[in-house]
Amino acid sequence: MEDLELKQMWQAYDQKLDRLLVLNLRNFEELQTQKASAKINGFVRQQLVYIIIGVIWVAFLAILVFNTPGNLWFAVSLGGIILFSAYATILYIRHVLMLRQINFNGNITETQEQLAAVRASLNQVGRVLWLQTVFYCTWFINPTMYQNITGMTITFGIAAVFLAASIWMYQALAPKNMHRKWVRNFETSVGGKAIVEASEFLQEIEAFKQENN
């Protein structure tokens with residue numbers, strides 16, 4: 001009789017522990033998803049600011065090109081900057097749309113994949129924008145400068161240096177180099193920190209589940 005009562009007590013105790021574990025898991029999941037959602041909401045607001053700035057910048061440059069006819073170097077240089085800026089702005093819009101589709105209360109693995117896709121796209125924006133730097137070295141060239149051989153040589157020399165540097169930066173900032181501290185710092189500077197932290201909050205949920213299985 002005593003053995004039966006003791007067994008029943010242990011079963012009741014185990015059931016109580018299971019209920020507490022489920023409750024703790026639910027509370028932990030809710031807390032972590034709220035943290036992740038807050039990080040992403042902040043990132044989305046940042047992207048919206050970039051979108052507004054991008055639209056204004058592209059419109060401003062387009063007006064300059066339209067009102068400055070006859071200068072091929074100016075038009076080509078600003079046209080290149082417009083293309084890169086428009087590309088970045090479109091990707092910022094894409095980031096917002098992708099993040100708005102994420103359900104933080106859904107499957108964690110799927111959410112992690114969606115965050116990883118945004119992170120990769122954000123990295124691509126930062127890399128591509130470096131390629132436009134050469135156009136900032138040529139927009140001021142005009143026909144009156146053609147006779148100044150020394151000046152033109154220096155100008156094209158500087159442009160060549162910036163072109164080589166921008167190509168090097170594009171390659172150096174590839175995701176495969178994320179183990180380098182300065183590459184990670186660059187990602188942080190363009191807003192990637194929020195994506196990384198949101199992903200880490202979700203990883204902690206999986207770790208909590210594994211520890212208590």
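# Bridges, a patch and a pocket

Reader: Let's start with arginine 119: how does this residue count at 29% relative accessibility?

Author: Arginine 119 comes out at 29% relative accessibility. Buried means under 20% relative accessible area, exposed means over 50%, and partly exposed is in between (1.4 Å probe, protein chains only). The 29% falls in the middle band, so arginine 119 counts as partly exposed.

Reader: Before we go on, what pLDDT do side-chain atom pairs need to count in this model?

Author: Residues are numbered from 1 along each chain as its sequence is written, and side-chain values use heavy atoms, with hydrogens and water left out. This is a predicted model: totals for chains, interfaces and linings use all residues, local features need pLDDT of at least 70, and side-chain atom pairs count only at pLDDT 80 or more.

Reader: Okay, the overall fold: what pattern does the protein follow along the sequence?

Author: Helices (H or I, at least four residues) and strands (E, at least two) are DSSP runs, numbered from the N terminus. By that count the protein has 6 helices and 0 strands. Reading along the sequence, you get α-α-α-α-α-α.

Reader: What percentage of the residues counts as buried?

Author: The protein has 213 residues. Valine 96, in helix H2, is one of the buried residues, with a relative accessible area of 11%. Across the protein, the buried share is 34%.

Reader: Back to arginine 119: which residue does its side chain meet in a salt bridge?

Author: A salt bridge here is a side-chain nitrogen of Lys or Arg within 4 Å of a carboxyl oxygen of Asp or Glu. Arginine 119 makes one at 2.6 Å, N to O. The arginine lies in helix H3 and its partner in helix H5 (residues 181–189), so the pair ties together parts that are 68 residues apart in sequence. That partner is glutamate 187.

Reader: And glutamate 187: buried or exposed?

Author: Its relative accessible area is 6%. The cut-off for that class is under 20%, so glutamate 187 is buried.

Reader: How far is the C-alpha atom of arginine 119 from that of proline 175?

Author: Along the chain, arginine 119 and proline 175 are 56 residues apart.

Reader: Which residues are linked in a network of salt bridges?

Author: The structure holds 3 salt bridges. In one of them, lysine 39 of helix H1 and glutamate 197 of helix H6 (residues 192–211) link parts of the chain 158 residues apart, with N to O at 2.7 Å. Lysine 193 also bridges to glutamate 197, with the closest N and O atoms 4.0 Å apart; both of these lie in helix H6, 4 residues apart, about one turn of the helix. That gives a network of Lys39, Lys193 and Glu197.

Reader: How much space lies in the largest pocket?

Author: On a 1 Å grid over the protein atoms alone, a pocket is an open set of points where a 1.4 Å probe fits, with protein on both sides within 12 Å along at least five of seven lines; lining residues have an atom within 4 Å of a point. Points are joined across faces, edges and corners, and the volume is the space filled by probe spheres set on them. For the largest pocket that is about 320 Å³.

Reader: Which helix gives the largest share of the lining of that pocket?

Author: There are 17 lining residues, and the closest to the pocket's centre are Tyr50, Ala88, Tyr92, Leu129 and Gln132. Helix H1 (2–66), helix H2 (72–100) and H3 each supply at least two residues of the lining. The largest share, 5 residues, comes from H3.

Reader: How far apart are the C-alpha atoms of valine 96 and leucine 48?

Author: Valine 96 and leucine 48 are 48 residues apart in sequence. From C-alpha to C-alpha, the distance in space is 7.7 Å.
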